[in-house]
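Hi,

Here is the structure I promised to pass on to you. Have a look at it first, and then read my notes below.

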Amino acid sequence: MTKVPAQRIDNSLIDRNAVKTMLERRIPDHTLEQPFYNSEALFQIDMEEIFHKEWIFAGMSCELPKRGSYITVDIGLSPVVILRDNKDEIRAFHNTCRHRGSKICLADKGKTPKLVCPYHQWAYDLDGSLVYNGQDMDESFDRSTHGLASVHCQVAGGYIFVCLAETAPPIEDFVKDMEYYLEPHDLYNAKVAVQSEIIEKANWKLVVENNRECYHCDNSHPELLNSLLEWDDNNDPRATPEFIALVEKQQTFWTDMDIPYQYQMRYDNRNRIVRTPLKEGTHSMTMDGQAASKKLLGRITSPDLGALRILHLPNSWNHGMGDHHIAFQILPISPQETKVITRWLVHKDAVEGVDYDPENLRHVWDATNAQDRTLSENNQLGVNSMGYQPGPYSKTYEFGVINFVNWYCERMKENLG
């Protein structure tokens with residue numbers, strides 16, 4: 001009979017020193033100790049040391065088509081507004097008024113010439129400077145020192161990343177690679193055709209872990225497996241001779257079309273980019289495997305581009321086909337709640353009902369997201385048990401999970417100091 005180990009830390013005693021202790025004693029290639037998945041105190045440390053210090057995927061630049069366009073995102077308890085300013089630059093600010101702290105932009109998205117606080121009508125220009133504060137401040141008040149607090153913001157291949165830290169970690173190499181690999185897709189001239197939001201009652205790390213392996217796919221994702229091949233490239237130790245031959249065939253085709261495909265993972269497990277074939281005869285992640293949009297993205301002339309898989313930890317994974325692009329974003333809400341946002345992008349000139357059917361576009365990943373939600377929530381229920389103890393990952397099928405957990409632990413150790 002296997003006994004539950006006595007070496008546990010009471011959730012009520014979790015602090016930064018306890019986290020360091022658990023990180024030091026963790027078993028390599030195993031799941032983490034229980035508090036990492038359900039402790040309120042550890043969740044707050046996650047937010048402070050990961051989501052407040054790393055680059056977070058926040059949205060797409062095509063969601064800001066005109067000057068004054070804005071989107072908002074809440075990173076834990078920190079609301080952020082991202083906008084296109086009067087110089088056509090994309091900028092980010094803390095979405096909190098410099099008067100008494102009220103949240104300024106209350107909608108998910110919109111367009112405005114000025115950011116006006118709904119509380120006392122203090123108004124800010126699109127560069128964040130305070131331009132109106134009423135008539136009630138004394139003569140010593142200096143508007144120039146009361147502009148909105150800025151947030152690090154970086155655009156890469158049509159993606160917008162923000163970082164709340166005072167000093168942001170390096171991202172330049174990833175930006176260059178995103179621009180290079182996404183150039184054929186030209187997501188700057190795309191549009192969000194469909195967007196969904198679901199809440200998974202599971203810790204954000206369990207949500208990511210579920211995404212980082214396809215060990216569960218055969219029994220869980222029939223719609224997705226109409227088109228998806230599990231392997232990354234022909235270096236995957238599980239790859240069959242048939243898959244290796246397909247990779248070589250498609251890479252020759254992509255080379256002739258000047259489409260980047262090389263496997264790129266030079267970012268300490270934080271990011272990954274690779275173009276991999278879909279099942280032979282399929283071109284897109286749809287029920288029949290055929291293109292969901294007649295109008296292809298960017299300069300692409302053939303839908304047979306496989307899937308450009310992009311990983312950005314801690315909160316995004318993506319699939320880019322020739323006809324449409326799918327961007328996934330996660331935002332932790334509580335120790336056992338995670339918001340999952342899915343955006344389906346098509347060419348900006350694609351016409352709904354003519355070039356694409358939204359239901360066809362979203363069907364496969366709507367089904368897959370619902371299935372993954374069930375898997376992650378069941379995982380959370382089991383992890384919460386007093387019988388839970390860290391279990392081993394499969395190095396053959398769950399190496400992506402191992403990479404994620406290693407990255408998480410390394411970042412936590414470094415950020416905790």
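C214 and C217 form a disulfide, with their sulfur atoms 1.8 Å apart; a disulfide here is a pair of cysteine sulfur atoms within 2.5 Å. In general terms, a disulfide is a covalent bond between the sulfur atoms of two cysteines. By the distance rule, the count comes to one disulfide. The link of C214 and C217 is left-handed, with -105° about the S-S bond. Both C214 and C217 are buried (under 20% relative accessible area; over 50% is exposed and in between is partly exposed, using a 1.4 Å probe and protein chains only).

Before going on, please keep in mind that this is a predicted model, where local features need pLDDT of at least 70 and side-chain atom pairs count only at pLDDT 80 or more, while totals for chains, interfaces and linings use all residues. Residues are numbered from 1 along each chain as its sequence is written, and side-chain values use heavy atoms, leaving out hydrogens and water.

What about C163? Its sulfur is 11 Å from the closest cysteine sulfur, in C153, which is too far for a bond. C163 is buried, at a relative accessible area of 1%.

Now for the helices (DSSP runs of H or I with at least four residues, numbered from the N terminus). Two packed helices are described by the angle between their axes and the distance between the axes. The axes are lines fitted to C-alpha atoms over the stretch in contact, and angles run from 0 to 180 degrees between N-to-C directions.

Helix α1 (residues 16-25) and helix α9 (residues 399-416) have axes that come within 11 Å and cross at roughly 140°. That makes α1 oblique to α9 (angles under 35 degrees are roughly parallel, over 145 roughly antiparallel, 65 to 115 roughly perpendicular and the rest oblique). The contact (heavy atoms within 4.5 Å) is made by R16, V19, K20, L23 and E24 of α1 with C409, M412, K413 and L416 of α9. Those residues divide into five nonpolar, no polar and four charged (Ala, Val, Leu, Ile, Met, Phe, Trp, Tyr, Cys and Pro are nonpolar; Asp, Glu, Lys and Arg are charged; the others, Gly among them, are polar).

How does α1 pack with helix α3 (residues 40-51), and at what angle? The angle is about 85°, with the axes 10 Å apart, so α1 and α3 are roughly perpendicular to each other. Here R16, V19 and M22 in α1 meet L42, I45, E48 and E49 in α3.

Happy exploring!

How values were computed. Helices (H or I, at least four residues) and strands (E, at least two) are DSSP runs, numbered from the N terminus.
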